[in-house]
Amino acid sequence: MENFLENNSLVLVGKVAEEKKFSHEIYGEKFYLFTMSIPRLSGNADMIPVTISERLFKDEELVVGKNLKVNGQFRSYNGYENNKNRLVLTVFVKDVEFLDDSEDIAANKDMVTNEVNLVGFICKPPIYRQTPFGREITDILIAVNRAYNKSDYIPCIAWGRNARFCSKMSVGTEVKITGRVQSRNYEKKHEDGTVEQRIAYEVSVSNLELIDADKNNSEEAAAEADEQ
C-alpha cells in the first residue's frame, strides 16, 4: 500500500513574513494563508506561501516576526486567473512548533531549515537549457500521488550534472527527489505589452534518485544544487 506521507514531506524553519488571511473552509474547519520567510545560506530568503488550519494555532501565536517550524507537504491546486487556469503552490501544514523569538534564524549546514522529499512521476518532457553564463538547468514537473486519487504537480529545477541526467528522462519515469522549496521573481509579459512582476515557486533539486520498480534498484545522480 502506498504511503502518501512519505511521498511528500517537508520541514521549514523561518519566520512569519506577512499577516495571515482567510483562505477557505471545509466541513466547518477554517484554513488561513500566510507567507513564511526562510533564510538561505547566501543571506537571501525564500518567501513561501503556507496554508494552515485554525486548529493548529492561536491568534496571538501566528503574528509577523514570529519564529516557527512547520512540518507538512508541498501541494498544488488549480487556480483561475484572467480567464486562464494556473497551477497554485502552497505548503500545507501538518504540524507547527512556535520557537523562541530572542534570536534570528539563520541558515547553516548543521541545521535543516528548508528540506522537501518527494516521490513522483515525470509528467511532462523535461526542458533543458543553459544560462548566458553557461549554467545547465533542466525544468521537470512531477506528479506526486496523494490520498483519495488526487495528485500534486510540483515543478522542480535541477542544476549541472543533475540537469543533464534529468534531461534524458521520459514521461512516466518514477523519481525520488530531495531539495528545498524556493521562490523566484520573474516578469510576465502580456500581449498588450505590459509587464507584470510575479513569483514562481519550485523545488531546487539537491539529490535525485531514479526508481526502477521492475529491477528493484536505483541510480543516483550527484548532488549539485547551488545556492542562488
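**Charges, rings and the nonpolar core**

Guide: In this predicted model, Arg75 lies over the face of Phe92, 4.1 Å from the ring centre.

Visitor: What makes Arg75 count as lying over the face of Phe92?

Guide: The distance from the ring centre is 4.1 Å, and a charge over a ring needs CZ of Arg to be within 6 Å of that centre and within 35 degrees of the ring normal. Arg75 is therefore assigned to the face of Phe92.

Visitor: How many aromatic pairs does the rule give?

Guide: The count is 3. In one of them, Phe31 and Phe92 lie 6.0 Å apart, centre to centre, with 35 degrees between their planes.

Visitor: What makes the pair of Tyr32 and Phe57 edge-to-face?

Guide: The planes of Tyr32 and Phe57 are 85 degrees apart, with 6.0 Å between the centres; since edge-to-face begins over 60 degrees, the label follows. Tyr32 lies in strand β3 and Phe57 in the loop between β4 and β5, 25 residues apart. Both Tyr32 and Phe57 are buried, and together with Phe22 they form one aromatic cluster.

Visitor: How do you know that Arg180 forms a salt bridge with Asp46?

Guide: The closest N and O atoms of Arg180 and Asp46 are 3.2 Å apart, and the limit is 4 Å, so the contact qualifies. Arg180 is in strand β11 (residues 174–189) and Asp46 in strand β4 (residues 45–53), so the pair ties together parts 134 residues apart in sequence.

Visitor: Why do Arg180 and Asp46 count as buried or exposed?

Guide: Buried means under 20% relative accessible area. Arg180 has 10% and Asp46 has 1%, so both are buried.

Visitor: What other salt bridges are found?

Guide: The whole structure holds 11. Among them, Arg146 and Asp152 approach to 2.6 Å between N and O, and both residues are buried. Glu202 and Arg184 form another, at 2.9 Å. Glu202 lies in strand β12 (residues 195–212) and Arg184 in strand β11, so this bridge ties parts 18 residues apart in sequence.

Visitor: How do you know that the buried residues of helix α2 lie on the same side?

Guide: In α2 (residues 160–167), Gly160, Asn162, Ala163 and Cys166 are buried. They cover an arc of only 140 degrees around the axis, which places them on the same side of the helix.

Visitor: Which residues touch the most other members of the largest nonpolar core?

Guide: Of its 36 residues, these are Phe74, Ile142, Ile154, Cys156 and Ile177. Beyond four places away in sequence, Ile142 touches residues including Leu118, Phe121, Ile154, Cys156 and Ile177. Nonpolar side chains tend to be buried together in soluble globular proteins.

Key
Residues numbered from 1 in each chain as written. Predicted model: local features only at pLDDT ≥ 70, side-chain atom pairs only at ≥ 80, totals over all residues. Heavy atoms only, no water. Salt bridge = Lys/Arg side-chain N within 4 Å of Asp/Glu carboxyl O. Helix = DSSP H or I, 4+ residues; strand = E, 2+ residues; numbered from the N terminus. Buried < 20%, exposed > 50% of the residue type's maximum accessible area, 1.4 Å probe, protein only. Phe/Tyr/Trp six-rings, centres within 6.5 Å; stacked < 30°, edge-to-face > 60°. Arc of directions from axis to C-beta. Core = buried A, V, L, I, M, F, W, Y, C linked by side-chain atoms within 4.5 Å. Contact = heavy atoms within 4.5 Å.
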